[in-house]
Amino acid sequence: MKPKEAQTPAIQVLERMFALLDVLAQHQDPVSLKALSEATGLHPSTAHRILNDLTLGRFVDRPEAGSYRLGMRMLELGNLVKARLDVRDAALPAMRELHKFTHQPVNLSVRQGDEIVYIERTYSERSGMQVVRAVGGRAPLHLTSVGKLFLASDDSLRVRAYATRTGLAGHTRNSLTEVGALERELAAVRQRGIARDDEELELGVRCMAAGIYDDQAKLVAGLSISAPADRLEEGWVVRLKETAAQISAALGYRG
């Protein structure tokens, strides 16, 4: 009875999808539907239906009728995973030292679309601040210090496109909800090399962030300090920048 329960339609479809992706991964050139069917043992019509769905999700490309290859979405996800793993490994020891210095939560975040994703955090009960967003949590770019770093690295057209897509919804009375105000803030971020969240995501919480760059001088993550609004110290800026630079150097950045 158990083996029969395990063979549900959903699991079967996933198994077939994985088989098709595995075959495509073994070939640099596009693979014909006939070859994919033979390699996976799937009926051509079944393989065709699954490949169509994968094409819609950009996991598979169809360069010409009847042939397939891995899609750009696979590259995007692969690069995202690589960035997260490499940055986390390089950042964690330095994050712990920064936390010892500030006694406040230190966060590591990356961009995913129009949001940041928290991928690591060091904190303790001594900070006096409840950690609301756990590792894996998300927040809008324009409401967070790290998110502003990423927006500041975009050109004006992309910033305005972001504003149009999101509507610049606010969470608190301090949130930047007008594109002009956001653009002025991003200009300040570029000038001073750090970004701030002045109770824009959560009332009572302020943050400061510095960018982390890889060996291609690409902004891949942001390092931020969060603290109760009345405890964030300006004296931490230098140490924050030094720590972000140390992590960047570990990733090969030579700027």
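This is a predicted model: local features need pLDDT of at least 70, side-chain atom pairs count only at pLDDT 80 or more; totals for chains, interfaces and linings use all residues.
Reader: Which residues of helix 8 are buried, and how are they placed around the axis?
Author: Helix 8 runs over residues 179-192 and reaches 20 Å from its first C-alpha to its last, close to the 20 Å expected. Its buried residues are Ala 181, Leu 182, Glu 185, Leu 186 and Val 189. They cover an arc of only 135° around the axis, which puts them on the same side of helix 8.

Reader: What covers the buried residues of helix 8, and which exposed residues does the face turned away from them carry?
Author: The cover of the buried residues includes helix 6 (145-152), helix 7 (156-166) and strand 7 (195-198). On the face turned away from the buried side, the exposed residues are Arg 184 and Gln 191.

Reader: Is Lys 148 buried or exposed, and what is its relative accessible area?
Author: Lys 148 is found in helix 6, and, leaving aside neighbours within four places in sequence, its contacts include Glu 185, Leu 186 and Val 189 as well as Asp 197 and Glu 200. Because buried means under 20% relative accessible area, Lys 148 counts as buried, with a value of 0%.

Reader: How many Å apart in space are Leu 219 and Val 110, C-alpha to C-alpha?
Author: Leu 219 lies in strand 9 and is buried, with a relative accessible area of 11%. Among the residues that Leu 219 touches are Leu 149, Phe 150 and Tyr 213, not counting residues up to four places away in sequence. Leu 219 and Val 110 are 109 residues apart in sequence, and their C-alpha to C-alpha distance in space is 9.1 Å.

Technical notes: Residues are numbered from 1 along each chain as its sequence is written. Side-chain values use heavy atoms; hydrogens and water are left out. Helices (H or I, at least four residues) and strands (E, at least two) are DSSP runs, numbered from the N terminus. The expected span of a helix is 1.5 Å times one less than its number of residues. Buried means under 20% relative accessible area, exposed over 50%, partly exposed in between (1.4 Å probe, protein chains only). The arc is that of the directions from the helix axis to the C-beta atoms. Contact means heavy atoms within 4.5 Å.
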